[in-house]
Amino acid sequence: MTEEVSSYNLLRQTETFLDGVFHWTWNDILTALKSCEPFFPTADACGLLQKLVSSLLAKIAANSEMPLLSATPFPSSSSSSSSPDTSGFRCSSSTKTPEPMKPCSNREWWFDDLNILAPSTIEKIMKTLGAYGTDNKNLVLTRFLLHYLKTVVQRPCSGIGCGNLGHCKEEYGGLADTAVHGVALMGRTAFSCRGLFWVLRVVSGLGLSKECRQKLERLMGLVLDQATLDDLLVSGHDGGVYDVNLVLRLVRMFVSTEEGGGASSQRMKKVGRLTDKYLGEISPDQSLKVSKFLEVAESLPDSARDCFDGVCRALDIYLESHPTLSTEERTRLCGCLNYEKLTLEACKDLAKNPRVPPGVAVQALVSQHSKLHLGTDVADPSRTPAASPESPHEKQQLKLSLQRMQCRVKELEKACRSMKGQMSKMVKTKSMNHSNRGMPRLC
């Protein structure tokens, strides 16, 4: 009904009422936005949603120290260690929000209030600000999106496509991509290595595009030497306890960028020690295949390790946790060891280990024996000169261990030949009995 038909009609009253939306309270605007969600396309088409979003952003700007559009997208390296925006991501690797990230300035007072809004409404806000998708160049908005995604992905979803997290992945995919674009743009100036792993945990499983995942993983791979074991223990999504494929991609990314820096790179050796710890942590996983164990163990160049004792310990755990492996598989696993970079103690433990094939143990002892004769012992840095395997006593012990191992191999070969002889006799006896039973009686 228009004014020509009747003055002061309902349509005119509604338009007048909405013209005063900029004078509404903060809670009234949020309630109105929430009420529009069931008929979002209609509210958007008629311009109502745009009015509410504009009013919301005006309230934020009026009560913030810095307008959102004026927030600097490139924090300086000096400010990144002290500003509230950047310090929030020097955080724990878990998805629990770290204390420094909790709203601590006027710019962040609105983060929690907007958590009640649907993803479509948040997308509308980001598009209005010109910061959606690859256009996101704003640190404050990136922080808000990560905060939003972290706190609202547990909402129940009644639609198709709900995952184990209880929400519709496709609804958050665009926001996850937008957040990662912001993270990738600002990189290490605003996010520590642990912060990048935290981001990955937040956006994983939210329909993140392949391109954005690669961007984020590249950033993580470049600073892998700053990671801790806790950072690498990301939960698996394909039946495994841990996401081993992720760690493999990160290690390969790091190696590809460091290979030009020299074989003795300290950063490379740091990643080598971290990888050995990770290998020991994932070894008890019953779903970890032999091929995957070898991929992790061999993902680094030989120069990344001064000592292979860490790999040897991880191998022992894996063999103990997988008792049904064949001799061929166990021999294949031992192929990832560099016997010349094992300490004497590790070699002794390897020789005494009943789960290690005898041939491998002999090979390790022979390698250690040859190393002693050449006078080139690669020992653990923590070993003292007094404990050097070049002492006559330890040389004698090594020779005795080698002799015992050779005797053990001969005994096993003799026992094997004896068992084969007995088996052949049993087969012959059995066949003769069968032939006797099969003959007809003549009387």
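Is the crossing of α15 and α16 left-handed or right-handed? The crossing is right-handed, where right-handed means that the near helix is turned clockwise from the far one by less than a right angle, and left-handed anticlockwise.

Before going on, note that this is a predicted model, in which local features need pLDDT of at least 70, side-chain atom pairs count only at pLDDT 80 or more, and totals for chains, interfaces and linings use all residues. Residues are numbered from 1 along each chain as its sequence is written, and side-chain values use heavy atoms, with hydrogens and water left out.

**Exercise 1. Describe the packing of α15 against α16.**

Step 1: Helices here are DSSP runs (H or I, at least four residues), numbered from the N terminus. Helix α16 covers residues 327-334.

Step 2: The two axes, lines fitted to C-alpha atoms over the stretch in contact, have angles from 0 to 180 degrees between N-to-C directions. For α15 and α16 the axes come within 11 Å and cross at roughly 165 degrees.

Step 3: α15 and α16 are therefore roughly antiparallel (over 145 degrees; under 35 would be roughly parallel).

Step 4: Contact means heavy atoms within 4.5 Å. From α15, L315, Y318 and L319 meet R330, L333 and C334 of α16.

Step 5: Sorted by class, this contact has five nonpolar, no polar and one charged residues. Here Ala, Val, Leu, Ile, Met, Phe, Trp, Tyr, Cys and Pro are nonpolar, Asp, Glu, Lys and Arg charged, and the others, Gly among them, polar.

**Exercise 2. How many disulfides does the whole structure hold?**

Step 1: Look for pairs of cysteine sulfur atoms within 2.5 Å. The search finds zero.

Step 2: Take C46 as a case: its nearest cysteine sulfur, that of C36, is 7.7 Å away.

Step 3: Check accessibility, with buried under 20% relative accessible area, exposed over 50% and partly exposed in between (1.4 Å probe, protein chains only). C46, at 56%, counts as exposed, whereas C193, at 3%, is buried.

**Exercise 3. What does the protein chain contain overall?**

Step 1: The chain has 19 helices and zero strands.

Step 2: Of its 443 residues, 45% count as buried.

Note on methods: Helices (H or I, at least four residues) and strands (E, at least two) are DSSP runs, numbered from the N terminus. Angles under 35 degrees count as roughly parallel, over 145 as roughly antiparallel, 65 to 115 as roughly perpendicular and the rest as oblique.
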